[in-house]
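Let's take a friendly walk through the salt bridges of a protein model. Have a look at the structure first, and then read on.

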Amino acid sequence: MFKVISKIIAEKKNRYIIQSILVAIFIYIFTQSLVEIQITTLLFLSLILVSSGVLVSHYPGINKDNFLISIIMPLGVLSGALLSLNYYPNLGSTFKILVISFFAGLYYLVSLADNVFLVVHDREEIIPLYRVAVTWSQILQVIVAIPLFAGIFKLNTQVFVHSSIVALVSFLFCYYQLWIYGFEPDAKKTGVGEKIYLCLVSFFVIFTSSLAVSFFPSEDFLRALFTSSVLLFMLNYISAHLKNEISRKMIFAYISIIIIFLLAVLFFRP
């Protein structure tokens, strides 16, 4: 029996599945009013769950150099699930189960992508799945950001604080983007100073964008979609900057997407 369990745990994919199931159970317990707990305590418990899960599931590829960067996306998934489900309580029970399953699947995909980057980091060479993981990781970041931002906008605090937290999360996502592109041989090599500068530019753009739309009476979910579209632009801008592929066509395309969501914020009132 113990040999079978050890063999299951030894397989990384199995570890990710187990971790995703534990995350789903955690989300269910703390979003179905089964346990009453303050949101700050809940987020602290989430940090413990994600940190321990990353250490176990990514072992032996995890170390002090990549641990902090490896918890950004999993923690984003779990925080987004807890915040959005807690602050949107009117969803039906069946739909909530589907949403929790979606977040568990998203957590699994994020873990798989992180595993590819950790393998590349460990081997110091590109593997075939690397570029696929880079493309999917950018998509996953935006998907993770939407419910996370929607939950942050629901927090009972000032809009300045909302925008600051959203911008800080975006700062971390952009730093994560720079980290994964650091393994790309065709990408520009950036120092710590340039990385911080690019992340601060993203922080400023997203902070001002979020703060600007906060003065309009609109649904928090639409504000989250708009802010996530700005994040999408910044992630693509950073990627294009690193590959020297910035063009007017690219900029206009993403600005058009941002304008569409901005119009949704302006014209769809609660």
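## Salt bridges around one aspartate

Arg-223 is buried, with a relative accessible area of 5%. Here, buried means under 20% relative accessible area, exposed means over 50%, and partly exposed lies in between (1.4 Å probe, protein chains only).

Please keep in mind that this is a predicted model, where local features need pLDDT of at least 70 and side-chain atom pairs count only at pLDDT 80 or more, while totals for chains, interfaces and linings use all residues. Residues are numbered from 1 along each chain as its sequence is written, and side-chain values use heavy atoms, with hydrogens and water left out.

How many salt bridges does the structure hold? There are two, each being a side-chain nitrogen of Lys or Arg within 4 Å of a carboxyl oxygen of Asp or Glu.

| Salt bridge | Distance, N to O |
|---|---|
| Arg-223 and Asp-220 | 3.4 Å |
| Asp-220 and Lys-154 | 3.7 Å |

Asp-220 lies in helix H10 (residues 220–242) and Lys-154 in the loop between helix H7 (130–153) and helix H8 (159–181), so this pair ties together parts that are 66 residues apart in sequence. Helices (H or I, at least four residues) are DSSP runs, numbered from the N terminus. Asp-220 is buried at 15% relative accessible area, whereas Lys-154 is partly exposed at 29%.

Arg-223 and Asp-220 both sit in helix H10, three residues apart, or about one turn of the helix. Through shared partners, the salt bridges join Lys-154, Asp-220 and Arg-223 into one network.

Technical notes:
Helix = DSSP H or I, 4+ residues; strand = E, 2+ residues; numbered from the N terminus.
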